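Please read them alongside the coordinates.

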Amino acid sequence: MRLLLRALAWFGSYLVLVLLPLATALWTLGPSERAFGFRLGVACGYIALAMLVLEFALVTRWRAVVQPFGIDALQGFHRRLGVAATGFAVAHPLLLLGGGMPAAWLDPLGAPPAMRAGSIALLLLGVLLLTTVARRRLRLSYEAWLRVHRWTALGLLGGALAHAFALGDAAAPALRVLWTAYALLVLALLLRHRLLAPWRAARRPWQVVELRSERADTRTLVVEPVGHRGIDFEPGQFAWLLTGRSPFAALQHPITISSSAEQDASRRLEFTIKALGDWSRERVPALLPGTRLWIDGPHGSFTPEREPALGLVLVAGGVGITPMRAILLTMRDRGDRRPVLLVHAASTFDRLTFREELEALRATLALTVVPVLEQPPPDWTGERGYIDAALLRRHLPPGVGHWQCFVCGPPAMLDAMERLLPACGLPADRVHTERFAMV
Amino acid sequence: MNDRAARVVVGVLVAMFALATLAFALAPRRDAAAAADGASAWRRHCAGCHTADEFLPRLGGADPVVPATRMIEQLTDHGDAPLAEDLLVVQWLVWQAAGAPAAPEPAPEDDDYTL
């Protein structure tokens with residue numbers, strides 16, 4: 001209940017912060033004599049700018065904001081609200097053009113300075129949108145895309161704020177004060193993310209102990225804290241791994257912690273990483289024992305620790321098995337004998353990561369493992385194809401409505417499970433997913 | 001939070017923002033206050049050298065948008081008033097040309113001279 005109230009409070013705060021400039025303009029300036037379309041265009045501009053400022057807040061990883069929603073939900077908001085903000089930003093000049101604004105004012109080279117800043121901001125918004133939507137078609141690596149995304153976001157926000165300031169009415173200092181406050185908010189968030197967080201991480205380094213090959217092009221990275229006691233985490237959570245020369249210049253990737261949350265004296269953590277992109281294919285194999293790295297975490301609400309449950313249903317696709325491994329190892333170490341059903345989907349038998357370890361866990365847990373193979377061997381007698389409603393109904397136990405379910409895997413599988421599991425008796429609010437394939 | 005719930009939250013927010021923009025655009029006009037702002041800007045930047053009658057004939061007629069736009073373009077290269085003030089001045093002149101009840105052109109300050 002407390003988390004729900006906090007979520008509602010943040011929702012309300014977001015609403016107020018987006019609407020505040022519009023309300024301030026209406027109150028202090030009063031409505032203009034201009035055509036309806038023109039006034040609508042002005043309003044779209046106020047909304048767009050406030051939303052773009054708050055886009056920074058949505059990806060800040062500030063724990064107080066993240067906890068009620070989950071970090072993947074916030075990233076989803078960032079993406080969807082970014083699209084909405086783009087819509088308002090594009091409507092702004094189009095409506096003003098229709099209301100009599102000269103088209104020459106859209107020319108980034110020839111327009112008056114106040115308009116020029118706005119036109120440049122609009123151009124940068126277009127670049128940001130294009131590189132995000134067409135990243136793979138443009139063959140941009142994730143790291144290159146992230147760099148472009150950050151710099152264009154900063155540039156467009158600077159241009160948009162300069163545009164608002166230059167047009168700020170001398171009779172409405174309240175608006176200038178407000179835009180100044182918003183600019184300072186962006187600056188504070190940037191300083192926190194780019195300076196404060198890396199500085200904190202630099203004081204708590206980690207080093208690689210082992211890099212172990214697993215099935216299905218995955219590797220398990222074992223790290224231990226250097227000079228500090230490490231972190232406490234809940235099974236199913238993830239952390240950002242910062243690799244590179246220093247945490248200020250590091251590449252950051254969110255990886256699930258795949259070891260038990262009941263840690264031994266060494267406080268070592270394990271991260272299981274699938275070879276998917278440039279970082280995981282080229283940088284991870286170079287993380288030899290002794291290599292220093294940094295950790296920002298833990299993060300995430302994908303954990304059974306927060307909700308009561310008589311049993312657990314774990315549905316994993318491919319490398320989605322990693323949070324399930326952490327959950328099961330933690331249950332083993334705590335002597336937790338609640339029943340668990342693990343449905344583990346993979347393309348082939350050899351790509352069932354942690355297959356032997358999961359089988360061994362059946363001796364110490366009340367665990368049922370159901371492997372599902374897309375391309376089974378000829379003598380396979382188990383489940384085959386994809387996880388569908390019929391398969392779920394065959395294996396979900398009676399009374400599953402009082403269980404909690406955790407699903408981790410490709411986006412298509414998450415969509416399907418969010419649809420199928422409630423139809424099979426698991427209430428939707430007991431089905432938990434975590435999505436990271438944003439770009 | 002599952003994906004469907006997240007989509008609902010975003011949809012609700014965007015709908016509220018769209019309604020807010022409509023409310024802003026439809027808000028009843030406060031003629032006197034807006035006219036006073038325009039008159040004040042005229043007095044600050046133009047009244048020293050010009051009278052409104054020089055410009056009103058250009059801005060009369062059924063559709064003042066085009067001549068008003070041209071005037072704004074000219075004003076951006078004329079004088080040192082910021083763009084926001086230029087817009088207020090032209091807006092006030094359009095009003096005057098339309099004959100709407102508005103604050104009259106303020107008289108230039110009397111020179112303090114003795115006969």
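The points cover salt bridges, a surface patch, a helix, a histidine and the cysteines.

1. The model is predicted, and the remarks here should be read as remarks on a prediction. Over all chains, the count of salt bridges comes to 18. Side chains of opposite charge can pair when their charged atoms come close.

2. One of these pairs is Arg212(A) with Glu270(A), whose closest N and O atoms are 3.2 Å apart. The cut-off for buried is under 20%.

3. A salt bridge also joins the side chains of Glu262(A) and Arg334(A), at 2.8 Å from N to O. Glu262(A) sits in the loop between strand 4 and strand 5 of chain A, and Arg334(A) in helix 9 (residues 321-334) of chain A, so this pair links parts that are 72 residues apart in sequence. Glu262(A) is partly exposed at 38% relative accessibility, and Arg334(A) is partly exposed at 39%.

4. Glu359(A) and Arg362(A) meet through their side chains in a salt bridge of 2.9 Å, N to O. Their relative accessibilities are 40% for Glu359(A) and 43% for Arg362(A), and each counts as partly exposed. As for networks, salt bridges with shared partners join Glu210(A), Arg212(A), Glu214(A), Glu270(A), Arg325(A) and Glu357(A) into one.

5. Which residues form the nonpolar patch on the surface? They are Leu184(A), Leu187(A), Leu191(A), Leu195(A), Leu196(A), Trp199(A) and Phe248(A), with about 660 Å² of accessible area together. Phe248(A) lies in the loop between strand 3 (238-243) and strand 4 (251-256) of chain A. Its relative accessible area is 38%, and Phe248(A) is therefore partly exposed.

6. His193(A) is part of helix 7 (residues 173-202) of chain A. With a relative accessible area of 18%, His193(A) is buried. Apart from neighbours within four places in sequence, its contacts are Thr60(A), Arg61(A), Arg150(A) and Pro198(A).

7. In chain B, helix 1 (residues 3-26) has 24 residues. From first C-alpha to last, helix 1 of chain B reaches 35 Å, close to the 34 Å expected at 1.5 Å a residue. The buried residues of this helix include Val9(B), Val10(B), Leu13(B), Phe17(B) and Phe24(B). Asp3(B) and Thr21(B) are also among them.

8. How many disulfides does the structure hold over all chains? The number is 0. Cys424(A) is in no disulfide, and the nearest cysteine sulfur, that of Cys405(A), is 10 Å away. Cys424(A) is buried, at a relative accessible area of 14%. In chain B, Cys49(B) is likewise in no disulfide, with the sulfur of Cys46(B) as the nearest cysteine sulfur at 8.6 Å. Cys49(B) is exposed, at a relative accessible area of 70%. The cut-off for a disulfide is a pair of cysteine sulfur atoms within 2.5 Å.

Key
Residues numbered from 1 in each chain as written. Chains lettered and ligands numbered in written order. Predicted model: local features only at pLDDT ≥ 70, side-chain atom pairs only at ≥ 80, totals over all residues. Heavy atoms only, no water. Patch = residues over 30% accessible without salt bridge, like charges linked within 9 Å, V, L, I, M, F, W, Y side chains within 5 Å. Areas by Shrake-Rupley, 256 points an atom, 1.4 Å probe, with all protein chains shown as cover. Salt bridge = Lys/Arg side-chain N within 4 Å of Asp/Glu carboxyl O. Helix = DSSP H or I, 4+ residues; strand = E, 2+ residues; numbered from the N terminus. Buried < 20%, exposed > 50% of the residue type's maximum accessible area, 1.4 Å probe, protein only. Expected span 1.5 Å × (residues − 1). Contact = heavy atoms within 4.5 Å.
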